[in-house]
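Please look through the structure below with the text beside it. The paragraphs go from single contacts between side chains to the overall fold.

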Amino acid sequence: MSIKVKRFRAQPMSALLSGKGELSGLMRMASLIERAQQELRDHLPEEVRPHLFVGGYRQGKLTLITDGAVWLTWLRYEQARLLSILQRLPEFEAVLGFQFKVRPVRPPKLPRRYVRELPAQAADEISSCARDTDDPRLRQALERLASHAERSPSDTEGQP
């Protein structure tokens, strides 16, 4: 069995994200994409802005993603104007055109929260089992379980 030696030492996160580390190219591309998205959204009508996303840049084409076909059609009609807006900025002079995609954005589904209810009668039975149990850990667990029952004020009047 051999032990593999790491060639590189761990780098501080600040060095990786500041543009000096191995992630510098990725961070630069991410900031350019964010800048392109902001520039395009600034020149779009208010109703179109939340539906436009810049997905990436490859081989001279900027990928524009929208969440509906109606916005895609609108963007295709406006692509010449949008391209001229972007090409005014020095960092986007190399953009030759757009690639369009429709990707419906679905909000993440939160898991359903199940609230379990323990009837008072079941809690009484569990408490009875706890009193008859010799094991202290099991007794404590059963008492804790029984305490989750919803009891009305009249149920607790006769108990110590």
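A charge counts as sitting over a ring if NZ of Lys or CZ of Arg is within 6 Å of the ring centre and within 35 degrees of the ring normal. Arg41 is placed in this way over the face of Phe53, at 5.1 Å from the ring centre. The model is a predicted one, in which local features need pLDDT of at least 70 and side-chain atom pairs count only at pLDDT 80 or more, while totals for chains, interfaces and linings use all residues. Residues are numbered from 1 along each chain as its sequence is written, and side-chain values use heavy atoms, with hydrogens and water left out.

Next comes the overall plan. The protein has five helices and three strands; here helices (H or I, at least four residues) and strands (E, at least two) are DSSP runs, numbered from the N terminus. Read from the N terminus on, the order of elements is α-α-β-β-α-β-α-α. Of the 160 residues, 26% are buried, where buried means under 20% relative accessible area, exposed over 50%, and partly exposed in between (1.4 Å probe, protein chains only). Among the contacts with a separation of 6 or more, 52% are between residues 24 or more positions apart; a contact means heavy atoms within 4.5 Å. The accessible surface is about 13,000 Å², and 54% of this belongs to carbon and sulfur atoms. Such areas come from the Shrake-Rupley method with a 1.4 Å probe, and for residues only the protein chains shown count as cover.

How many aromatic pairs does the structure hold? There is one aromatic pair. The ring centres of Phe98 and Phe100 are 6.0 Å apart and the planes are at 50°, so the pair is tilted. The rule is that rings of Phe, Tyr and Trp (its six-membered ring) pair if their centres lie within 6.5 Å; planes under 30 degrees apart count as stacked, over 60 as edge-to-face and the rest as tilted. Both Phe98 and Phe100 are buried.

Salt bridges are next. The structure holds four of them, each being a side-chain nitrogen of Lys or Arg within 4 Å of a carboxyl oxygen of Asp or Glu. Arg35 pairs with Glu39, with the closest N and O atoms 3.2 Å apart. These two residues are four apart in helix α2, so about one helical turn separates Arg35 and Glu39. Arg35 is partly exposed, at 36% relative accessible area, whereas Glu39 counts as buried at 14%. In helix α3, Arg81 and Glu78 are three residues apart, about one turn of the helix, and the closest N and O atoms of their salt bridge are 2.6 Å apart. Arg81 is partly exposed at 33% relative accessibility, and Glu78 is partly exposed at 22%. Salt bridges that share partners also join Arg35, Glu39 and Glu91 into one network.

Two loop residues remain. The C-alpha atoms of Gly68 and Arg103 are 7.3 Å apart in space, although the two residues are 35 apart in sequence. Gln59, in the loop between β1 (52-58) and β2, has a positive phi of about 50° although it is not a glycine. Gln59 is exposed, with a relative accessible area of 73%.
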